[in-house]
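Welcome, and thanks for taking a look at this one. Here is a short briefing on the surroundings of a ligand and on some backbone angles.

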Amino acid sequence: MFSSRAPEAAATARPRRTLSIALRMTAWYALSAFALIFVATGLLYWVLVDSMYHEDLRDLADNLTNARLLLSASPSGQFARPLQPRPSWAPSHQPEIYLRVLDSAARTLTETPGLSAQLPPPSAAELAAIQSPQGVSREMSSRSGGPFLTLIVPIAGPRPGEPPQYMEVAMDRAHDEYLLAHYRERLYLVLGVSLVLCSAVGYLIARGGMRPIESISRTTARIRATTLHERIAAEGLPAELRGLAETFNGMLDRLEQSFRHVSQFSDDVAHELRTPINNLRGEIEVALSKARSEDDYRDILGSCLEECARISRVIATLLFLARSDTAADALRRENIDVGEELANVESFYEPAAAEAGVALRIAGAKGVRAELDRTLFQQAIGNLVSNAIAHTPKGGSVELAAAEAAGRLTVTVSDTGCGIAAEHLPRVFERFYRVDRARAGSEQNAGLGLAVVKSIVNRHGGQIEIDSAVGRGTTVKLVLSVSA
Ligand SMILES: Nc1ncnc2c1ncn2[C@@H]1O[C@H](COP(=O)(O)OP(=O)(O)OP(=O)(O)O)[C@@H](O)[C@H]1O
Ligand SMILES: [Mg+2]
């Protein structure tokens, strides 16, 4: 049953747009490589900032220690004279260090000239909050907005019992900031360039990875029914794609074999139908060559009818096989009494067996039941019995048997006939295959009987085996599952 909406839907449905694998791989590679570089450079930048800060702090602490030494060396323990400004010979990239001494009321006792203009002194409350003898460090901005790092430590008062004084060292970090800004600029440049490089390298890697796939697809696109012998060159391909190429090649092997079978089959069909049609034509031509009596015409028409019946039997069998191949008709399984079905086949073939002087009998099939398609099962057993009778000389016997064990039904048809030579055995299930085409009466047989049996057994999911010895007889065994 076709839905009326189907063609409409097909017309409106647009193929979903997907990114090519190469593009996806490029994007993933570029993004992940860039993210790694970004994190690594960010980490390095942070380490640099941190170590510069600690270096500055250490510098301040050293300066503070020196200043304390000087202070303790001064006889009065006081800064009698103001400190000297920075000497002109000091290198310009050296950070400027400032010093300030405060009493506990936050009054400046002495300081490096110009410090108050840059940094206001701390309040008395801020000084009182300093508990640790190591002091406290602070990052501050000067009045002009410059970055400063300060360290304040408490020192003993000038005389025992007096409140402590405070020494503050401050460092102008403008040079550090300048260095970091410069470093950041370069980092941005490096990150920009690495993003471009990662994308380009990612694209090249992805293209390189996709090249074998393109070559596989070029080869497969070239393959037609006439060039089915072509194969994908698996050597030199990466391991993952070698498996794919070998799978493709395996599929091509099977396709080539099937194509060969199909073309052989069409050849056989044409050949098989040509003979009876030629016969028919010959008979009609002879009949028409001169005036004949009514009886002659009746004979000729009778013979033509026989020929037509044979042709239509072959066509019907071919149609049956084709439909079986494509599983066009569903199996009509039912629970059947196998013994009873064998008895039906036996009684149908009994007259033919009697005429051929062959004893036809059933050995032990009572009570065996299985879920099978009754018509097809009868057809399969009928074909086997007909073969057995046809190939068993007078005085011989044909025996049918069925047994069930472990959910498997085994049906055998054995005869004491002429047997089949070993070289023919593998081919007897092929369509149109007859062991002895020259044998008298063999033109009446199409060579399709065993092919039909095999196809019926396959449709039931079973197996067929044939065992034969020339001069001693043939046994065909069907193994089917008892339930569907
Ligand atoms: N029981 C048997 N004993 C000896 N030969 C057999 C036996 N069954 C089949 N064969 C051989 O196998 C060939 C194929 O058998 P199959 O039933 O497929 O074709 P057929 O009997 O020749 O023709 P059809 O069955 O289409 O009328 C036969 O031609 C015959 O030579
Ligand atoms: Mg046959």
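By class, the shell around ligand 1 is made up of 9 nonpolar, 7 polar and 2 charged residues. Please keep in mind that this is a predicted model.

**The ligand site**
- Ligand 1 is surrounded by 18 residues, and the closest are Asn387, Asp415, Gly447, Leu448 and Leu450.
- The largest pocket is where ligand 1 sits.

**Polar contacts with the ligand**
- On the side-chain side, a polar atom of Asn387 lies 2.8 Å from an oxygen atom of ligand 1.
- The side chain of Asp415 has an N or O atom 2.9 Å from a nitrogen atom of ligand 1.
- Gly449 takes part through its backbone, with an N or O atom 3.1 Å from an oxygen atom of ligand 1.
- Ligand 1 taken alone exposes 590 Å², and the protein buries 89% of that.

**Backbone angles worth a look**
- Most residues other than glycine have a negative phi.
- Ala106 is not a glycine, yet its phi is positive, at about 70 degrees.
- Ala106 lies in the loop between β1 (97-102) and β2 (108-111), and it counts as buried because its relative accessibility is 15%, under the 20% cut-off.
- Phe432 is not a glycine either, and has a positive phi of about 70 degrees.
- The loop between β10 (408-415) and α10 (449-459) holds Phe432, which counts as buried at 1% relative accessibility.

Definitions and conventions:
Residues are numbered from 1 along each chain as its sequence is written. Chains are lettered from A and ligands numbered from 1 in the order in which they are written. This is a predicted model: local features need pLDDT of at least 70, side-chain atom pairs count only at pLDDT 80 or more; totals for chains, interfaces and linings use all residues. Side-chain values use heavy atoms; hydrogens and water are left out. Helices (H or I, at least four residues) and strands (E, at least two) are DSSP runs, numbered from the N terminus. Buried means under 20% relative accessible area, exposed over 50%, partly exposed in between (1.4 Å probe, protein chains only). A residue is near a molecule or strand if one of its heavy atoms lies within 4 Å of it. A polar contact is a pair of N or O atoms within 3.5 Å; within protein, one must be able to donate a hydrogen and the other to accept it, and residues adjacent in sequence count only if both atoms are side-chain atoms. Accessible areas come from the Shrake-Rupley method with a 1.4 Å probe; for residues, only the protein chains shown count as cover. On a 1 Å grid over the protein atoms alone, a cavity is a set of points where a 1.4 Å probe fits but cannot get out, and a pocket is an open set with protein on both sides within 12 Å along at least five of seven lines; lining residues have an atom within 4 Å of a point. A molecule sits in a cavity or pocket if more than half of its atoms lie within 2 Å of its grid points. Ala, Val, Leu, Ile, Met, Phe, Trp, Tyr, Cys and Pro count as nonpolar, Asp, Glu, Lys and Arg as charged, and the others, Gly among them, as polar.
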